[in-house]
Number of protein chains: 4
Amino acid sequence: MKIGILTGGGDCPGLNAVIRAVVRKGTFHYNDEFVGFLEGWRGVLENNARPLDLESVAGILPRGGTILRTSRTNPSKTENGIDRCVENLRKNGIDALVVIGGDDTQSISQKLFERGIKVVGVPKTIDNDLSGTDFCFGFDTAVTIATEAIDRVHTTAEAHNRVIVVEVMGRDSGWIATYSGVAGGADVILIPERPFNVDEISEIVKRRHNRGRYFSVIVVAEGARLADGDGSQATTAQTKDQFGHVRLGGIGNALAAEIEKRTGFETRAVVLGHIQRGGSPTAFDRMLATRYGVGAIDLVHQEKFGQMVVLRGNHIESIPIIESIAKTSYVSPELIDVALSLQDRRGNKKTAA
Amino acid sequence: MKIGILTGGGDCPGLNAVIRAVVRKGTFHYNDEFVGFLEGWRGVLENNARPLDLESVAGILPRGGTILRTSRTNPSKTENGIDRCVENLRKNGIDALVVIGGDDTQSISQKLFERGIKVVGVPKTIDNDLSGTDFCFGFDTAVTIATEAIDRVHTTAEAHNRVIVVEVMGRDSGWIATYSGVAGGADVILIPERPFNVDEISEIVKRRHNRGRYFSVIVVAEGARLADGDGSQATTAQTKDQFGHVRLGGIGNALAAEIEKRTGFETRAVVLGHIQRGGSPTAFDRMLATRYGVGAIDLVHQEKFGQMVVLRGNHIESIPIIESIAKTSYVSPELIDVALSLQDRRGNKKTAA
Amino acid sequence: MKIGILTGGGDCPGLNAVIRAVVRKGTFHYNDEFVGFLEGWRGVLENNARPLDLESVAGILPRGGTILRTSRTNPSKTENGIDRCVENLRKNGIDALVVIGGDDTQSISQKLFERGIKVVGVPKTIDNDLSGTDFCFGFDTAVTIATEAIDRVHTTAEAHNRVIVVEVMGRDSGWIATYSGVAGGADVILIPERPFNVDEISEIVKRRHNRGRYFSVIVVAEGARLADGDGSQATTAQTKDQFGHVRLGGIGNALAAEIEKRTGFETRAVVLGHIQRGGSPTAFDRMLATRYGVGAIDLVHQEKFGQMVVLRGNHIESIPIIESIAKTSYVSPELIDVALSLQDRRGNKKTAA
Amino acid sequence: MKIGILTGGGDCPGLNAVIRAVVRKGTFHYNDEFVGFLEGWRGVLENNARPLDLESVAGILPRGGTILRTSRTNPSKTENGIDRCVENLRKNGIDALVVIGGDDTQSISQKLFERGIKVVGVPKTIDNDLSGTDFCFGFDTAVTIATEAIDRVHTTAEAHNRVIVVEVMGRDSGWIATYSGVAGGADVILIPERPFNVDEISEIVKRRHNRGRYFSVIVVAEGARLADGDGSQATTAQTKDQFGHVRLGGIGNALAAEIEKRTGFETRAVVLGHIQRGGSPTAFDRMLATRYGVGAIDLVHQEKFGQMVVLRGNHIESIPIIESIAKTSYVSPELIDVALSLQDRRGNKKTAA
């Protein structure tokens with residue numbers, strides 16, 4: 001078969017590992033031929049493609065980024081965009097298309113599938129909040145980078161008797177914050193799933209101080225938000241999100257300022273940003289990405305189109321792409337409880353994880 | 001409650017994270033008191049213990065090793081060993097005991113449980129082959145170290161047109177070899193689950209050479225063994241294992257010599273050994289170890305004695321300790337298939353993963 | 001002898017390695033006794049000290065931070081501060097004092113030396129800009145962390161066809177920016193030593209784009225500043241520094257906005273901040289810090305007081321503390337030339353490194 | 001100018017960084033053209049070359065190995081080898097040749113220079129023992145890898161009350177052992193510069209044990225050798241080297257066996273081998289390699305042929321190639337003293353570092 005591949009949405013460690021696995025298993029076991037569309041859906045829309053063979057994918061397993069590059073181009077927002085995609089796929093003689101991407105990217109997969117294109121999906125979100133799968137590749141790498149950063153600021157916080165706030169990715173969910181916060185031994189972890197109260201956080205910090213721990217490390221997801229009645233609303237830059245909750249602008253820095261004001265302890269913020277999503281994937285992510293790639297090419301040859309590979313427990317399975325779109329997977333109560341378990345909340349109300 | 005803790009068997013990254021989680025949750029949520037027995041069962045046998053509190057476990061999360069030290073001492077092999085353990089536990093006023101260890105260590109837990117001691121278990125094996133749980137902490141760290149080593153020898157193999165054999169841990173199972181081999185892009189992966197044939201391996205190496213890839217990286221588990229009819233049996237140091245299979249002595253070096261002899265390509269071996277089991281645990285292992293610790297102290301307060309925490313899918317559950325002892329968990333056919341999928345075996349019989 | 005030790009100023013990987021080397025060589029070879037003053041000069045001022053022995057320094061070599069903690073407390077700004085320090089040192093029977101710190105910290109060492117206290121200094125600045133020594137410990141660790149971050153954003157910049165600006169430490173000098181920029185393969189490196197022009201930077205980025213490199217990585221020291229005639233002065237938050245040069249406020253983010261405006265290319269900023277100064281020191285820094293510690297205790301027993309250990313070439317030597325204070329060491333023209341050498345400046349004026 | 005480049009001898013992290021720097025500065029500043037000869041001198045001998053341009057060197061800075069591959073082929077051992085090299089260089093219109101390699105490789109550079117070829121050299125030895133330069137790229141990476149391994153075995157040694165021997169590279173000199181041993185906090189460091197005595201080593205280990213440190217880590221260079229009167233000579237595999245000194249075969253494992261026999265403490269060995277010389281170079285090595293590359297292309301245009309770039313202090317200079325050949329640079333007494341300073345040798349004779 002002649003199979004197209006593309007990667008869409010944000011960069012994520014493991015994209016190259018998926019591409020490599022699809023091409024290698026396809027070549028060795030199924031005798032397929034491959035074409036890569038460049039820069040996500042833009043490559044299909046503008047017919048920008050190049051052949052992919054064993055040589056193209058040699059040595060890319062440990063490399064971050066994607067040899068096919070990526071974009072957030074959405075053909076459904078271009079006039080006749082979906083039609084042009086269908087046409088360009090036909091023009092290239094594409095028998096099936098492997099689409100690696102998140103929510104937005106897969107919504108186009110679904111539209112094309114409904115137009116008769118033989119699509120299979122590979123889930124991708126560094127935030128790990130795509131519904132239907134237990135883990136997405138790239139997440140473990142992001143957690144590893146964040147944990148290393150938390151380890152580093154720990155020594156500085158302790159040396160200087162400081163509070164340090166580390167802002168990590170997670171616009172809608174707290175997966176990265178919860179995993180890196182627990183792994184890094186953060187004293188407080190703040191996630192979108194549980195709106196928080198600055199006064200309460202300040203109390204935890206003061207209580208540590210009172211038992212002779214003169215430093216604290218707080219991990220906050222970029223999408224964490226204030227509980228509705230929090231008094232600090234008046235004092236920091238803020239907007240209301242789609243749920244009407246208040247969001248601090250630049251949560252890390254804003255929170256550091258608030259805590260310093262309330263506790264009197266020197267407080268600093270670190271915003272990890274883009275370093276969380278680039279670079280060489282961890283072994284865990286390379287294995288997961290490779291399994292997704294193998295699973296995807298198998299789906300093609302099993303003719304399970306409109307399906308997406310997912311991880312359930314330690315097994316690769318598949319679900320209809322449409323079931324995964326536009327649903328967010330949140331951090332489980334069990335994990336939130338683990339995070340809370342390790343904090344000294346004797347006497348606290350429980351509104352922060 | 002007054003709770004004892006011990007760590008037994010081989011060193012494994014994450015032991016300290018378990019201890020810390022047990023003590024923190026126990027202190028903050030259950031008001032427990034803790035005693036650590038030193039050097040595994042030896043500490044119980046010889047009544048060598050010390051109190052453990054929040055201060056004792058501060059800062060240990062990222063550290064390898066175990067603050068309680070460890071040993072392979074087996075009280076059932078000492079005269080009245082089990083009796084003396086029971087007596088020493090009673091003497092210390094221990095209400096319950098959290099035992100962190102593998103097969104051998106947990107077999108004593110079971111014996112003590114049968115004698116009325118309130119024991120809960122936490123599984124530990126760096127090889128990841130303990131039955132009943134999907135993952136053991138320390139495994140991801142070992143895989144990460146092995147993968148990094150494979151990445152490194154890859155550049156040397158390629159620069160020199162060489163074959164390099166990397167011997168990793170795995171006496172009875174091929175988990176570390178399979179994960180690190182796939183993650184490191186090894187060209188051949190040899191595991192105990194699938195006895196191999198040196199001629200066949202040599203063919204794969206030669207085939208790569210013929211298509212212009214003048215180097216190969218082979219990952220071999222220390223317990224990998226020759227298929228019964230393999231002609232190399234006469235030529236290398238070997239013993240028969242308990243299954244009557246031939247085992248090469250020092251498989252990595254022996255295999256390298258055999259491959260060089262058959263292919264004529266310069267071949268080198270690297271034996272990773274002890275560096276795979278020490279040092280700071282990965283974020284993944286710290287999270288898993290912490291969840292086990294939280295789960296174990298919860299089991300104590302749920303009075304589920306004789307049970308061991310396990311990971312199933314992404315959930316912490318528990319099973320009777322006795323169910324896990326003396327059963328090995330092998331690499332699944334699905335994962336072996338992933339490893340095979342990525343290799344160029346067009347024309348090969350499939351006897352190696 | 002009874003010897004005091006303190007660490008002052010900002011956290012820096014390697015402080016513990018210095019302390020350990022002083023205590024070990026002092027104990028094994030000179031039979032000294034040690035006292036650690038806590039939190040820099042504050043510990044001397046407030047007489048907050050604790051004994052230090054082999055046990056206290058066991059296992060601290062690979063750890064970031066400082067077991068003695070640190071502060072920026074300056075006794076010369078407290079009433080009778082210097083007098084109180086002298087008195088407290090006498091009260092503790094301190095025969096000599098080893099002071100590990102930068103400019104500010106050593107200015108107090110000099111004042112105490114002039115008052116008859118037997119002081120030796122160990123230089124410390126993560127920015128590597130202390131005059132008199134070739135390298136300071138901590139610098140290599142900071143460069144390593146920054147380089148790893150640059151590696152990571154490289155893959156994202158390339159995958160997304162983006163410009164990414166990485167802001168690193170370096171208020172007065174560009175050592176970290178130059179080393180990490182060259183090591184990370186940055187396309188432009190901006191340092192305090194060479195005021196820059198935004199238009200010119202934008203031209204370099206556009207020229208890369210024109211030859212098919214659709215991404216760029218720019219490394220900027222936090223203290224980099226605009227050349228005097230730069231037209232962007234009107235458009236960004238700015239202040240004038242002590243030299244009357246314009247400084248952008250939050251140079252990384254400001255510069256990203258300017259470049260995006262002028263080139264039309266999507267541009268992002270990453271501000272590394274505190275993660276550059278914490279965590280385990282690199283092997284290079286551990287060796288250097290250990291050599292400084294050995295050198296410092298040797299200076300004490302050679303009675304070379306008022307002196308500071310320095311690295312010259314690959315030798316440990318000493319200079320009067322007073323010679324090093326208040327002079328900044330700048331990046332050499334040779335290194336700036338290396339940075340410029342690797343950039344495509346065909347047709348450019350040379351105002352940025 | 002049309003300039004040839006080659007890399008010879010063993011793999012070493014930073015080779016690609018040198019190649020990249022030569023090509024980039026040559027292209028941007030001197031308008032040069034480049035040809036890469038493949039697999040060291042073999043490529044010149046067999047006229048196996050390919051053009052090198054900006055595209056060829058894009059993205060190679062962080063990668064281990066060498067895009068030109070390498071070999072130990074020595075044209076002076078082939079009939080008319082030198083003549084054929086001269087002829088092939090002329091045939092390709094090569095105006096000057098940049099040779100990156102160690103002793104053996106540069107001895108050919110010298111022979112060709114004497115035949116009128118315009119050669120400049122770049123020193124390369126992972127062991128850091130090439131005479132004339134303070135540091136060689138690759139060395140810091142090897143030290144970093146070895147230090148990380150020592151950190152890891154430390155936790156295992158401590159958890160198990162074990163002695164662990166770590167064998168590192170260094171056939172003729174102890175640079176890697178000394179740096180990684182000091183940086184990793186090894187209790188004993190054994191190097192070729194100072195023949196050792198097993199009884200004495202065993203005493204140090206026992207003395208630690210007596211003061212409650214029940215574990216030890218020993219770092220040994222592969223070329224370390226026994227002092228002449230050592231009694232263990234009869235008991236282990238051994239050969240005499242060119243100096244008539246006894247060498248244990250496989251020093252790491254042999255030494256572990258001897259120590260266990262004499263102390264009764266459980267002792268294990270780890271042999272790091274090839275993982276020390278592959279993989280991504282450290283920031284330090286990338287900077288040094290880049291400076292060498294820039295220096296080499298500058299030498300060409302300064303017409304300083306027959307010269308080799310070297311690092312002196314923190315400056316790039318040059319020396320005649322012939323001055324560097326066949327002289328080994330040994331670890332300085334100052335550094336050996338640092339290593340000895342940190343060990344508990346109260347009462348010991350000083351025969352090991």
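This is a predicted model: local features need pLDDT of at least 70, side-chain atom pairs count only at pLDDT 80 or more; totals for chains, interfaces and linings use all residues.

Reply: Residues are numbered from 1 along each chain as its sequence is written, while chains are lettered from A and ligands numbered from 1 in the order in which they are written.

Start with helix 1 (residues 15–30) and helix 9 (residues 283–301) of chain A, which pack at an angle of about 45 degrees with their axes 7 Å apart. That angle makes helix 1 of chain A oblique to helix 9 of chain A. Here helices (H or I, at least four residues) and strands (E, at least two) are DSSP runs numbered from the N terminus. Axes are lines fitted to C-alpha atoms, for helices over the stretch in contact, and angles run from 0 to 180 degrees between N-to-C directions. Under 35 degrees counts as roughly parallel, over 145 as roughly antiparallel, 65 to 115 as roughly perpendicular, and the rest as oblique.

Residues of helix 1 of chain A in this contact include A:A17, A:A21 and A:Y30, and those of helix 9 of chain A include A:A289, A:G293 and A:I297. Two residues are in contact if their C-beta atoms, placed from the backbone, lie within 7 Å. The contact of helix 1 with helix 9 of chain A has 10 nonpolar, four polar and three charged residues. (Ala, Val, Leu, Ile, Met, Phe, Trp, Tyr, Cys and Pro count as nonpolar, Asp, Glu, Lys and Arg as charged, and the others, Gly among them, as polar.)

The contact takes 38 residues from chain A and 38 residues from chain B. Of the interface residues of chain A, 100% are also interface residues in chain B, so the copies meet through the same surface.

Chain A can be laid on chain B with an RMSD of 0.0 Å by a turn of 180 degrees and a shift of 0.0 Å along the axis. The two copies are thus related as by a two-fold rotation axis. Copies are superposed by least squares on the C-alpha atoms of residues with pLDDT of at least 70 in both. Of the residues of chain A, A:G313 comes closest to the rotation axis, at 1.7 Å (C-alpha).
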